[in-house]
Amino acid sequence: MAFLAPFLDNDFSLSPSFAQLLLYSFVFLFVVGHLTSTYATHRNIPGPFLAKFTDLWRLYIVWRRDSHDTYLRLHQQYGDLVRIGPNCISISAPDLVPSIYGIGKGFVKSDFYSVWQNIVNGQRVASMVFTTDEVQHAAMKKPIANAYSLSTLKEFEPLLDSTTAVFLSRLDDLFASTGKVCDLGTWLQWYAFDVIGELTFSQRLGFLEKATDVEGIIASVARNFDRCSVLGQMPWLDQFTYKNPIYLKFFAKAAANPIIAFGQRRLQERIKGQEADDDAANDQQPATTISDPLLEAKVLHGTLPSKPDFLSRFLTLHKEQPEIVTNTRLLAYLFMNINAGSDTIGSTIRALFYHLLKNPDTLSTLRTELQTAQKQDNLSLPLPTWTQCQSLPYLNAVIKESLRLNPALALPLERIIPSNTPGLQIPHHPTTKETITLPPGTIVGINPWILHRDTRIFGSDAAKWNPSRWLDDDADKVKYMEHHLLAFGAGKRSCLGKNIAMLELGKLVPALVMRYEMRLAEPGREWRVWNAWAVRQEGLQVLFDRRGEGS
Ligand code: HEM
């Protein structure tokens, strides 16, 4: 007992200060123990010092909005594996795409995605994009997959054409005929939102007509991306803040999401069978005056096209399988369309026009291809058909190059290594020259922004804009590049709206390029790229001139 003597001695009695000391020691030992074990789990993976101990590092990097540049630099410095959090590895090894995202591999989405789920009546409601539960995902996807398939695509053309006709008419009136500078980035965003509104409800949300962010919808979507992209780096923070029951009860704004409100009204109208009856004045699209008769002929003006929109398709499914396509799920599908299919397209088209205008050679080659097609009666104007657009190789190369250099979602697409496996084996690690096994439970993700700049896949000019790479004579090389284009994700959870996106991009680009001469208002100015998972760009100021007849 001699060793206890000092503690029992009057001088060393358990005074409050000694108890504190003991407590501090415990806390200190706990923190050191925790940090050491945290560090030790992936100690063989290189990365920034702080990231090995805390996710606060990547939270800060994402909060700064330039994570794509930081992650690119880190991969250039450290190689294919970079530890960006204590349990999170960013991967850029081309051969690992199928291992992580392949069907049947069992990698599920991480809690990054849970942060984006909404709480409705105290319950988490996950849309298809954000569910981490694969069984729930399959149940949600099965009924609607056909509506997004290639075979149904052409049926959406009249709806798409209707919005494009309004868009061209607005550009004619406000910019081409006035010589005013157009903030094309903003107009393309409005176009993307209106198109998805029209495809979903046969009614535009009204951005183009009103030339404004209707009901703050775009700002509200942007705020959500800004918040969730950051909290997604430390999902437990979301649990303690925005998904905390006290916050939800007392502080969360009760106001309905404007997109859901719009969807609900359209749904009610459709059920009642009265398309035009709308007591919400906000939904009324101002009458559009279209002076060009060719464009006017394409505008549907609120009439339903002969082929159904998404809402009609979902309602049919609701009637046929009411217990599967429930009311709540039906609304979730509508919301998903707007949420997943607007910002992503907006980002891609903005990037495409930015590169076209920064690279006059590309613009001129594209225009020559389009003019040749027009002369051969293979391009109808002002609005070309989808069939015509698919057979234009340079146009398709430009679209792919734009998706490559500017993937709209630019953070690692996180997945968890499944528990029933030995882990993820990474052979011949370039730095250590040994096979590394990442244990089950590790979060891994490939960031399209990084993979798309990999010289092993895209060649020594991978960092540069060069649509011709997609027209290389070496078919295997092109196939390999296509296989590693991750702009729409990969595997089972890849983009459901990819066909819609390609339809929209494929038809809009020739329509604009053939109708206008376009040039940057300030050619020397760089734009600003803001990464909130969805990449938003600002500063695409363009001058328009109508081209000659026949355009
Ligand atoms: C250029 C435009 C688009 C791009 C670049 C894009 C990109 C992506 C990516 C990368 C994913 C996978 C996300 C992940 O793994 O975490 C995804 C998923 C998804 N996208 Fe898109 N998207 C686009 C347009 C659209 C459109 C137009 C729609 C709907 C009309 C849509 C609906 C979806 C849905 C529902 C998912 C989830 C699929 C699933 O989990 O099964 N997307 N998208």
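**Local backbone features, ligand shell and helix packing**

The structure described here is a predicted model. Arg65 is located in the loop between helix H3 (56-63) and helix H4 (67-78). Although Arg65 is not a glycine, its phi is positive, at about 75°.

A positive phi is also found at Ala211, a residue other than glycine, where the value is near 50°. Ala211 is placed in the loop between helix H10 (207-210) and helix H11 (217-231). With 14 other C-beta atoms within 10 Å, Ala211 is partly exposed. Most residues other than glycine have a negative phi, and most peptide bonds are trans. A cis peptide bond joins Leu381 and Pro382, with omega about 10°. Pro382 belongs to the loop between helix H19 (360-375) and helix H20 (386-390).

The ligand is surrounded by 23 residues, of which Gly341, Thr344, Gly489, Cys495 and Gly497 are the closest. At least two residues of this shell come from each of helix H17 (327-341), helix H18 (343-358) and helix H25 (498-515). The greatest contribution is that of H17, which gives four residues. In terms of residue class, the shell comprises 14 nonpolar, seven polar and two charged residues.

Cys495, one of the residues closest to the ligand, carries the feature "binding site" in an unreviewed UniProt entry. Cys495 is situated in the loop between helix H24 (475-483) and H25. Cys495 counts as partly exposed because 19 C-beta neighbours lie inside 10 Å, whereas a buried residue would need 20 or more. When neighbours within four places in sequence are set aside, Cys495 is in contact with Phe488 and Gly489. Gly489 is itself listed among the residues closest to the ligand.

H18, which supplies at least two residues of the ligand shell, also packs against helix H9 (residues 184-201) at an angle of about 145°, the two axes being 9 Å apart. The crossing of H9 and H18 is right-handed. On the side of H9, the contact is made by Leu184, Gly185, Leu188, Gln189 and Ala192, and on the side of H18 by Ile345, Gly346, Ile349, Arg350 and Phe353. Six of the residues in the contact of H9 with H18 are nonpolar, three are polar and one is charged.

Technical notes:
Residues are numbered from 1 along each chain as its sequence is written. This is a predicted model: local features need pLDDT of at least 70, side-chain atom pairs count only at pLDDT 80 or more; totals for chains, interfaces and linings use all residues. A residue is near a molecule or strand if its C-beta atom, placed from the backbone, lies within 6 Å of it. Ala, Val, Leu, Ile, Met, Phe, Trp, Tyr, Cys and Pro count as nonpolar, Asp, Glu, Lys and Arg as charged, and the others, Gly among them, as polar. UniProt positions are given in the numbering used here, feature names are shortened, and annotations may be inferred rather than shown by experiment. A residue is buried if 20 or more other C-beta atoms lie within 10 Å of its own, exposed if 12 or fewer, and partly exposed in between; C-beta atoms are placed from the backbone. Two residues are in contact if their C-beta atoms, placed from the backbone, lie within 7 Å. Axes are lines fitted to C-alpha atoms, for helices over the stretch in contact, and angles run from 0 to 180 degrees between N-to-C directions. A crossing is left-handed if the near helix is turned anticlockwise from the far one by less than a right angle, and right-handed if clockwise.
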